[in-house]
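Trainee: Please take a close look at the charged side-chain pairs in this model, and at the metal site as well. Which residues are involved, and where do they sit?

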Amino acid sequence: MDQLTTTPALYEAYKKRLQEIADIRYATALLQWDQETYMPAGSITTRSRQIATLSELAHARFTESVTGELLTNLLERKDLTEEQRSNLELSQYDYQQQVKLPSGFVRELSETISNSFNHWVEARKNNSFSLFAPWLEKLVTLKRKEAELMGYEHHPYDALLNQYERGCTTELLDQLFSRLKPALAELLAEIKQQPQVENRILKQHFQEDQQWAFSMDLLEKMGYNFHFGRQDKAAHPFTINFSSEDVRITTRVREEDISYMTWSTIHELGHALYELGLPNNQYGLPLGEAASLGIHESQSRLWENNIGRSLAWCTHFFPVLKSYFPQQLEPYGPEDLFRAINKVQPSLIRTEADELTYHFHIIIRYEVEKALVEGSLEVNAVPEFWKQRYQHYLGIDVPDDSNGCLQDVHWSHGSFGYFPTYSLGSIYAAQFYATLVKQVPKFEKLLQEGEFEIVKNWLSDNVYIHGRKYTSEELCRRITGKGIDPEDFMQYARDKYRFIYAYKLEGIIL
Ligand code: CO
């Protein structure tokens, strides 16, 4: 690759290389999708092997020195377009990040993760943290090593956070949570003084196939295009993409609770619309990818909570839902649905938490991870620390490990630094939503009429089309005029929950 090769020819070589790597990555993703949906259970060992081989292949190809040389050469050129430069700079960042981890380390980590996952499954089934503890210990040691390899300025946990959310640090999270904690605690205390809302409307028998039909109808009405996607069932709902022309979602059904499936489906729809809206002509390149995990989660939560748990949404969808379940919904109206799906109650399980207490589940995990990584908390002390924090923040007793520190899969996957992106997502969602409401006249009315296209178009113009061009913080500034700030979330929360718990009715956005 000499200096005389023209820029367009060289850029083509870069593009071809990245797109081939993307082909391998997305083929791997398809195997993963199959594993979570239709694969016969007996095939798990072979499938794990196939996935590991392909992942290693993609990683090896990307970290070959020729990728680095291609990028350095191209980035010295003066005749790059702005778009080309963005892609190249982001690829160079990825390259520099990935080559920091020696292949021996990557293999050791991935083997430890496989074993940890199996032990976590056992430990959770047996309700015994001690079965998982030695593996968690190994993972923490490896993660500390990883932090050293990746490098950081102030805190080793910053290096891990940065892998999921570029630029995210303990300093930023400490600041954010120190504002969020007292504001949320105050609102929760106000709510606790009020009579609890009723949610019996949700807890009836809703036949599985009828729920499924409703979810497919709902997806279509909210803008999901089945020509470029599909929905299937999986134990743990997720969204997965193989390009921006094939983005699939999964959901699960509980016959005794209609909300269990419905808002999970809407959540995944939000992730899927983002992936479907990414620039198709940037396949395999950074500008064809999502900005970050935090921004991804902002998209799912904006649809699930800000849109999907609004009175306008309930008003629009109540008759639709009633057409599937006429008997169950006969005694009720849209407002009953609205209150029921927004019931606030401190609980043990993160994935079933309401949108207010949810943040405390994240803050607790953040505190545990940060303390483990910096070495101020011993692995064996995690269950006690967990119990003490749940009592402190949520006022509830954790009865055992399965309902406590063993409930999430993340640590067994080696994902330290992932949880905070969920809170960041809610906060960004509230900021984007507040901006959208200001910019779109008569927004609530349009929502009530089912004009979801407006939301999708707004998000497309403001978020989707940029791909990874901006960091989360830059994107947030571009859209809202300021960086991440929990105030919009708190304002949204106060308005909504003071109305739901009916003790303050002014200044309400319906
Ligand atoms: Co999500």
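Mentor: Arg25, Asp94, Glu289 and Arg468 are joined in a network of salt bridges, a salt bridge being a side-chain nitrogen of Lys or Arg within 4 Å of a carboxyl oxygen of Asp or Glu. By this rule the count is 35 salt bridges. The model is predicted, so local features need pLDDT of at least 70 and side-chain atom pairs count only at pLDDT 80 or more, while totals for chains, interfaces and linings use all residues. Residues are numbered from 1 along each chain as its sequence is written, and side-chain values use heavy atoms, with hydrogens and water left out.

In the pair of Asp34 and Arg47, the closest N and O atoms are 2.7 Å apart. Helices (H or I, at least four residues) and strands (E, at least two) are DSSP runs, numbered from the N terminus. Asp34 is partly exposed at 21% relative accessibility, whereas Arg47 is buried at 10%. Buried means under 20% relative accessible area, exposed over 50%, and partly exposed in between, with a 1.4 Å probe and protein chains only.

Arg254 and Glu352 form a salt bridge with their closest N and O atoms 3.6 Å apart. This pair links distant parts of the chain, 98 residues apart: Arg254 is in the loop between strand S3 (246-251) and helix H10 (258-277), and Glu352 in the loop between helix H14 (334-340) and helix H15 (358-374). Both are partly exposed, Arg254 with a relative accessible area of 28% and Glu352 with 49%.

Asp408 and Arg365 meet in a salt bridge at 2.6 Å, N to O. Asp408 lies in the loop between helix H16 (382-394) and helix H17 (420-439), and Arg365 in helix H15, 43 residues apart. Both count as buried, Asp408 at 10% relative accessibility and Arg365 at 0%.

Now the metal site. The cobalt ion has as protein donors His267 (NE2), His271 (NE2) and Glu297 (OE), at 2.2 to 2.3 Å. Donors are N, O and S atoms within 2.8 Å of the metal (3.2 Å for Na, K and Ca); water is not among the atoms, so sites may look incomplete. The donor residues are spaced H-x3-H-x25-E in sequence. His267 in helix H10 and Glu297 in helix H11 (residues 293-307) are 30 residues apart, and both residues, His267 and Glu297, are buried.
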